[in-house]
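Below is a short report on a predicted two-chain model.

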Amino acid sequence: MSFFEVDGLVKYFGGLAAVNGVSFNVREGEIFGLIGPNGSGKTTIFNCITSYYPPTRGSVRFKGKEITGLKTHRICRLGVVRTFQLVKPLGRMTVLDNVIAAAFCRGSGKREARETAMATLEFCGLAHRRRAQAGSLPIGERKRLEITRAMATQPELLLLDETAAGLNPSELDAAMELIRRIRGRGVTIIIVEHIMKVIMSVSDRIHAINFGQTLAEGTPREVADNPSVIEAYLGEENAQG
Amino acid sequence: MTMGAERPMRNPSSGTAWGQGPWIGPGILLVALILFPLVVRNAYYQHLLILVLMWVVIGSGWNVIAGYTGQVSFGDAAFFGTGAYTAGLFASKLGISSWWAMALGGFTAMAVAFPFGWICFRLRGAYFALASLALNEVMRHVATIWESLTQGMVGILIVQTYVSKVPYYYIALALAVVSVAGIRMVVASKWGYYFLSIREDQDVAESLGIDTHFYKMISLNIAAFLTGMAGALYMNYMGFIDPEVVFSLHDISIMAILVGIVGGVGTIYGPVVGAFVMVAVHEFFRTGFFGLFKLLAAATGSAMVETAASYVAQAHVLGFGVLVVLVIRLLPNGIVGDWKKIAGRGVRPGSQGVGQ
């Protein structure tokens, strides 16, 4: 039994196969990168895993339990939580209230939820902004709030959807450091990312897709050297060289 | 996604979502309300305050589902009328005191809210609002057509328990205080956080483990319960109802929205302030600007002014419309939500705009 398993995932939108038979296993405690050019189906995979829409075919198993088709909030309570590529702060609530709302996930009382929220804010380095209106945060902190909120639900598996996009170089380093620290807490991570520097350096293993299908899987080095991956990213001519 | 999310961003400096204001203001108001019927013996003013208190209850209920949870309801009259008819039918059909129906009115309103919410909370934003509007009209038609039960347009007449208005006043006051205090508690709890999260973004709420359908149901049922109780109170107090009165779209459902918007959506005391303002505005139009037009007509002897007076009395819906435009333009967060703005520098149109 693997920790997390996506098996033969297919998702059609009308006649278009956004995801067409993707399978992968994620081991407990690893950082698993999911890469692919624009429109290759990465976010669709996340949406299928967290049941924003049902997959056309295929199944998703978490710790041996079938989670395909469960409601999104049930999946979160089982310990699988995602962040959004287009950040979605609960705008007219404070940063702290955003995180408290998430912290109630573990069935705790208000005081406990508040403590969890404060601890998570400290951990993610956003405590100093806790009184700010979430909608007023700049993009870097909004991305951080996405992660903080997800972490406050105390997940076992965290799905990060392009958390590094739009960050400046120093924010980028901080984000990578945070991702590593989250893993250090024993949280398994699946990360979708466009910025190669980030995904290559934080991932233990990488799964590359294009047009909704698997291209390659392996260590960052192996995937980076894989001709079909290079072709997908850079075009056919470069792949030869 | 929700209607709430489409509204302008709240000014960060304005009051918190919890309405954690000092207790002094509400405390003084409460004492004044307790003393009011002892000081003011005039039955007309007592009547107006009973209406205000009833609207505090309805407006607070609407505020839970629309203000805090972001599911704008245009169908509060469905719950209000159900509560009123529960009380009326109890008295007229079963001969049981309609006061028993005060509590029951809340539950029958929930019985309407439950299947409605179960089905219609699959809809979001404006679509849900339209569905609630339809519920309003469906209930009104049922009450009109089902004559064997409701006596249709003939309406239901019961004998009022008290001649004096004072007992009704204190019952209304108790109901209003319990509503506001209860909502204050609910909103400060886990439910409150969940309601707000749903208002701000349902997808995020789901992703954080919040069963959005379930909590929208809870929110709607709180609103329906309070509104149904208010309806039952209305039946007891007025002694007469018919479908056009208690299932009225503009006099109940729209009025409930106005109480919320004028006072301040998503604030604890907003509906309290809104109820005072809206009952006053309603009365202002109903009496033809407090009798100003009648006076003018008498003074000038002009038939035109007299005609105008009768039109003005019926023009309150138009007046409401103008008021809403003004409130949204000048005080997008309502009187309570924008209190700092009002207190700080007076109302300056367009200067401190929406959204920061």
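The largest nonpolar core holds 167 residues. A nonpolar core here is a set of buried Ala, Val, Leu, Ile, Met, Phe, Trp, Tyr and Cys residues joined through C-beta atoms within 7 Å. Buried means that 20 or more other C-beta atoms lie within 10 Å of the residue's own; exposed means 12 or fewer, partly exposed is in between, and C-beta atoms are placed from the backbone. Ile189(A), Ile191(A), Met54(B), Ala172(B) and Leu233(B) touch the most other members. Domain 1 (4-79 + 155-240) and domain 2 (89-153) of chain A both contribute residues, so the core lies between them. In soluble globular proteins, nonpolar side chains tend to be buried together.

What does Ala172(B) touch, leaving out residues up to four places away in sequence? Its partners are Ile50(B), Leu53(B), Met54(B) and Leu233(B). Contact means C-beta atoms, placed from the backbone, within 7 Å.

This is a predicted model: local features need pLDDT of at least 70, side-chain atom pairs count only at pLDDT 80 or more, and totals for chains, interfaces and linings use all residues. Residues are numbered from 1 along each chain as its sequence is written, and chains are lettered from A and ligands numbered from 1 in the order in which they are written.

**Domains of chain A**

Contact between them involves 10 residues of domain 1 and 10 residues of domain 2. On the domain 1 side, helix H2 (72-78) and helix H6 (169-184) of chain A each supply at least two residues. H6(A) has the largest share, three residues. By class, that side of domain 1 has six nonpolar, two polar and two charged residues. Ala, Val, Leu, Ile, Met, Phe, Trp, Tyr, Cys and Pro count as nonpolar, Asp, Glu, Lys and Arg as charged, and the others, Gly among them, as polar.

**Helices and one buried arginine**

Helices (H or I, at least four residues) and strands (E, at least two) are DSSP runs, numbered from the N terminus. Helix H1 (residues 42-49) of chain A is mostly covered, with eight of its eight residues buried. Among them are Lys42(A), Ile45(A), Phe46(A) and Cys48(A). Ser51(A) follows H1(A) and has a positive phi, near 65°.

Arg149(A) belongs to helix H5 (residues 139-152) of chain A. Why does Arg149(A) count as buried? Because Arg149(A) has 33 C-beta neighbours inside 10 Å. Leaving out residues up to four places away in sequence, Arg149(A) touches Asn98(A), Val99(A), Ala102(A) and Leu208(B). Its C-alpha is 25 Å from that of Ile206(A), 57 residues apart along the chain.

**Strands of chain A**

S2-S1-S4-S5 is the strand order of a four-stranded open sheet in chain A, with antiparallel pairing. Strand S2 (16-26) and strand S5 (65-66) are the edges, each pairing on one side only. Strands pair if DSSP finds at least two bridges between them. Two antiparallel pairs are set out here.

| Strand pair | Bridges | Opposite residues |
|---|---|---|
| S1(A) (4-13) and S4(A) (57-62) | five bridges | Glu5(A) and Arg61(A) |
| S9(A) (205-210) and S10(A) (213-218) | five bridges | Ala208(A) and Ala216(A) |

S9(A) and S10(A) form a hairpin with two residues between them. Phe211(A), in the turn, has a positive phi of about 50°.

**Where the chains meet**

The contact takes 20 residues from chain B and 24 residues from chain A. On the chain B side, helix H9 (190-200) and helix H10 (202-207) of chain B give two or more residues each. H9(B) gives the most, six residues. This side of chain B has nine nonpolar, four polar and seven charged residues.

**Confidence**

The complex has an ipTM of 0.91 and a pTM of 0.88 from the predictor. pLDDT is the predictor's confidence in each residue, from 0 to 100. Chain B averages a pLDDT of 85, and 90% of the residues score at least 70. Within chain B, helix H11 (residues 212-238) is highest, at a mean of 96, and helix H1 (residues 3-6) is lowest, at 37. Residues 1-20 of chain B have pLDDT below 50, and this stretch has 53 contacts beyond near neighbours in sequence. Residues 347-356 of chain B are also below 50, with 12 such contacts. Where pLDDT is low, the predicted coordinates should not be read in detail.

Note on methods
Contact = placed C-beta atoms within 7 Å. Domains from an automatic or database assignment.
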